[in-house]
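These are my notebook entries on a structure that I am opening for the first time. I write down what I looked up, entry by entry.

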Amino acid sequence: MTTFHAFLGCSLDGYIAGPNGELDWLTSFDNTGYEDFFGSVQALAMGRGTYEVMLESAPDYYRGMPVHVLSSTLAPGTRSDMGRSPVEVHPDIPSLQASLEEAGIERVYADGGRTVQAFLGAGRLADLTVTRVPVLLGDGIPLFGPLADTVQAQLVALHVTDQGAVQSVYRFPTR
């Protein structure tokens with residue numbers, strides 16, 4: 001069975017990016033555990049927005065790992081590689097999950113704020129590692145948005161970095 005996992009950084013006031021998508025405030029902090037997390041997944045799932053930003057700014061960031069894009073506006077199917085990573089577009093989470101299960105993919109990195117929110121809302125996000133850094137932005141793209149129902153999370157790990165960031169790992173019930 002395919003499971004989805006997220007690893008995100010956010011400001012103290014809960015933003016994953018500045019008002020114009022800025023990440024410079026985040027990149028100066030140590031991504032404690034990111035390499036281990038990245039090594040534990042077999043593919044990525046992201047929304048069209050994250051895909052377009054990464055395609056333009058850092059196409060080889062995912063080091064050849066398969067990228068699966070959730071989009072209602074891009075045509076489903078195979079697209080040109082992003083750097084060394086093969087890319088496939090899916091119209092929704094059920095078709096994405098079916099494709100990944102058919103390919104034998106077990107652990108998938110859910111990347112991007114709206115994508116993580118969609119997986120949470122669909123009851124498909126297994127866990128979330130969030131690193132809250134000691135920076136206040138005042139405005140930006142929020143870590144979480146509206147959900148149809150309350151989602152219960154279980155704290156399973158907590159770590160304070162040398163830079164004063166607090167990393168928490170939460171587990172969610174999945175369907």
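Predicted model: local features only at pLDDT ≥ 70, side-chain atom pairs only at ≥ 80, totals over all residues.

**Entry 1: the whole chain**

Residues are numbered from 1 along each chain as its sequence is written, and side-chain values use heavy atoms, with hydrogens and water left out.

I then looked up the secondary structure, where helices (H or I, at least four residues) and strands (E, at least two) are DSSP runs numbered from the N terminus. The chain has five helices and 11 strands.

For the overall dimensions I used the radius of gyration, taken over C-alpha atoms, and a globule rule of 2.2 Å times the number of residues to the power 0.38. The chain has a radius of gyration of 16 Å, which agrees with the value near 16 Å for a compact globule of 175 residues. Along the principal axes, the C-alpha atoms fill a box of roughly 40 × 35 × 30 Å.

**Entry 2: the aromatic side chains**

A pair of aromatic rings is described by the distance of the centres and the angle of the planes. Rings of Phe, Tyr and Trp (its six-membered ring) pair if their centres lie within 6.5 Å, and planes under 30 degrees apart count as stacked, over 60 as edge-to-face and the rest as tilted. I found that the count comes to eight aromatic pairs by this rule. One of them joins Phe-7 and Tyr-34, which are edge-to-face at 5.4 Å centre to centre with 70 degrees between the planes. This pair links distant parts of the chain, since Phe-7 is in strand S1 (residues 3–11) and Tyr-34 in helix H2 (residues 34–39), 27 residues apart. Phe-7 counts as buried because its relative accessible area is 7%, and Tyr-34 is likewise buried, with a relative accessible area of 7%.

Tyr-34 also pairs with Tyr-61, and these two rings are tilted, with 6.4 Å between centres and 35 degrees between the planes. Here the link runs from Tyr-34 in helix H2 to Tyr-61 in the loop between helix H3 (48–57) and strand S4 (67–70), 27 residues apart. Is Tyr-61 buried or partly exposed? Tyr-61 is partly exposed, because its relative accessibility is 37%. I wrote down one aromatic cluster formed by Phe-7, Tyr-34, Phe-37, Phe-38, Tyr-61, Tyr-62 and Tyr-109.

**Entry 3: the salt bridges**

Side chains of opposite charge can pair when their charged atoms come close. I call it a salt bridge when a side-chain nitrogen of Lys or Arg is within 4 Å of a carboxyl oxygen of Asp or Glu. How many salt bridges does a search of the whole structure find? The search finds three.

- Glu-35 forms a salt bridge with Arg-63, the closest N and O atoms being 3.0 Å apart. The pair links helix H2, where Glu-35 sits, with the loop between H3 and S4, where Arg-63 sits, 28 residues apart.
- Arg-48 forms a salt bridge with Glu-52, with the closest N and O atoms 2.9 Å apart. These residues are separated by about one helical turn because they are four residues apart in helix H3.
- Asp-60 forms a salt bridge with Arg-84, and the closest N and O atoms are 2.9 Å apart. Asp-60 lies in the loop between H3 and S4 and Arg-84 in the loop between strand S5 (77–82) and strand S6 (85–90), so the pair ties together parts 24 residues apart in sequence.

**Entry 4: a residue in helix H5**

I picked out Gln-117, which is found in helix H5 (residues 113–121). Gln-117 counts as buried because its relative accessibility is 16%. Leaving aside neighbours within four places in sequence, Gln-117 is in contact with Pro-142, Leu-143, Phe-144, Gly-145 and Leu-147.

How values were computed. Buried < 20%, exposed > 50% of the residue type's maximum accessible area, 1.4 Å probe, protein only. Contact = heavy atoms within 4.5 Å.
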